[in-house]
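Q: Could you walk me through this one while I have it open? I'd like to begin with the open space and then move on to the packing.

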Amino acid sequence: MPPQSFVNGGGGLYIITGGMKAQKSAKFIQLLDKLHHNGISWQGFKPACDYREELNYKNNIPRNYFVSRTGPNLPAEEIDDKGDLSDLIGKIDHSCDVFAFGEFHLYKEAEKLKDIILELRYEGKKTCIVDSLDKYFNGENIPTIAQLMGQATDIEKTYGTCDFDGCKNLGELSQRLVNGEPANYDDPPIVVGASEAYQIRCFGHHIVPGKPEKRILLPSQ
């Protein structure tokens with residue numbers, strides 16, 4: 001999409017979404033870099049919890065940067081993702097053309113963040129770009145990003161390659177592993193003291209113990 005299409009005087013909402021390890025952050029950062037090189041002003045925001053030691057510390061990248069596993073990084077405003085978003089509201093520079101929100105799904109007040117983004121778009125006539133998972137690790141939709149997608153000008157769905165041994169199918173779902181085992185459907189988002197890891201999996205290799213069956217057309221196995 002041509003960079004100038006992001007500055008049209010009427011606002012817009014562009015969402016980059018997919019599972020873990022699906023190149024979301026890389027595409028998000030590349031888009032912002034393209035806007036910068038075309039003279040379009042933007043302001044980015046990232047949740048404070050999005051600090052990845054294996055990327056930030058080892059590569060000497062400051063905390064207040066968008067960062068991708070593939071290397072690209074850009075500066076951003078760090079926001080208290082567990083707070084009431086008053087710091088975000090105070091930092092918004094309304095003179096910018098575009099506002100970018102990384103890792104939307106990590107905010108505790110995601111509903112309020114959704115309303116801020118929609119206000120910038122509809123009342124402020126600004127363009128917003130959002131990077132987020134679209135589903136929880138158990139395969140269920142994340143409600144707030146699903147609602148934003150319903151208001152979007154454009155949605156780009158990203159994919160990876162399934163991490164299951166020997167599988168090269170399209171990876172779409174986030175597989176959460178706790179102490180090496182698939183997380184249960186009802187597990188909390190964060191397990192304190194556990195060793196967590198995420199993979200991207202195809203539908204056939206996405207394992208969620210305890211997930212209820214939702215069959216209408218086919219009988220249960």
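Q: How much space lies in the largest pocket?
A: About 1,300 Å³ of space lies in the largest pocket, bearing in mind that this is a predicted model.

Q: Which residues lie nearest its centre, and how many line it?
A: The lining of the largest pocket is made up of 41 residues, and those nearest the centre are Met 20, His 105, Leu 106, Leu 133 and Tyr 198. Two or more lining residues come from each of the elements α1, α4 and β13 (196-201).

Q: And how do the lining residues divide by type?
A: For the largest pocket, 20 of the lining residues are nonpolar, eight are polar and 13 are charged.

Q: Which element gives the most to its lining?
A: That is α1, which gives three residues to the lining of the largest cavity, while α1, β2 (42-47) and β3 (65-67) each supply at least two. The lining includes Ser 25, Phe 28 and Ile 29, together with Lys 46, Asp 50, Arg 52 and Asp 131. By type, the lining of the largest cavity divides into five nonpolar, two polar and five charged residues.

Q: Tell me about α1 then: how many residues has it, and what span does it reach?
A: α1 has 14 residues and reaches 20 Å from its first C-alpha to its last, which is close to the 20 Å expected at 1.5 Å a residue. Within α1, the buried residues are Lys 24, Ser 25, Ala 26, Phe 28, Ile 29, Leu 31, Leu 32 and Leu 35.

Q: Where else is phi positive in a residue other than glycine?
A: Lys 125 is one of these, with phi near 60°. The place of Lys 125 is in the loop between α3 and β7, where Lys 125 is partly exposed at a relative accessible area of 47%.

Q: Last topic, the packing: which residues have the most contacts inside the largest nonpolar core?
A: Those are Leu 88, Phe 101, Ile 117, Val 130 and Leu 148, in a core of 25 residues. At least two residues of this core come from each of β1 (12-18), β6 (98-101), α3 (110-122), β7 (127-133) and α4 (143-149), and the largest share, six residues, comes from α3. Apart from this core lies another, of 16 residues, including Phe 6, Ile 16, Leu 35 and Trp 42.

Q: And what does Leu 148 touch?
A: Not counting residues up to four places away in sequence, Leu 148 touches Leu 13, Ile 15, Phe 104, Lys 114, Ile 117, Leu 118 and Val 130.

Technical notes. Residues are numbered from 1 along each chain as its sequence is written. This is a predicted model: local features need pLDDT of at least 70, side-chain atom pairs count only at pLDDT 80 or more; totals for chains, interfaces and linings use all residues. Side-chain values use heavy atoms; hydrogens and water are left out. A nonpolar core is a set of buried Ala, Val, Leu, Ile, Met, Phe, Trp, Tyr and Cys residues joined through side-chain atoms within 4.5 Å. Buried means under 20% relative accessible area, exposed over 50%, partly exposed in between (1.4 Å probe, protein chains only). Helices (H or I, at least four residues) and strands (E, at least two) are DSSP runs, numbered from the N terminus. Contact means heavy atoms within 4.5 Å. The expected span of a helix is 1.5 Å times one less than its number of residues. On a 1 Å grid over the protein atoms alone, a cavity is a set of points where a 1.4 Å probe fits but cannot get out, and a pocket is an open set with protein on both sides within 12 Å along at least five of seven lines; lining residues have an atom within 4 Å of a point. Grid points are joined across faces, edges and corners, and a volume is the space filled by probe spheres set on the points. Ala, Val, Leu, Ile, Met, Phe, Trp, Tyr, Cys and Pro count as nonpolar, Asp, Glu, Lys and Arg as charged, and the others, Gly among them, as polar.
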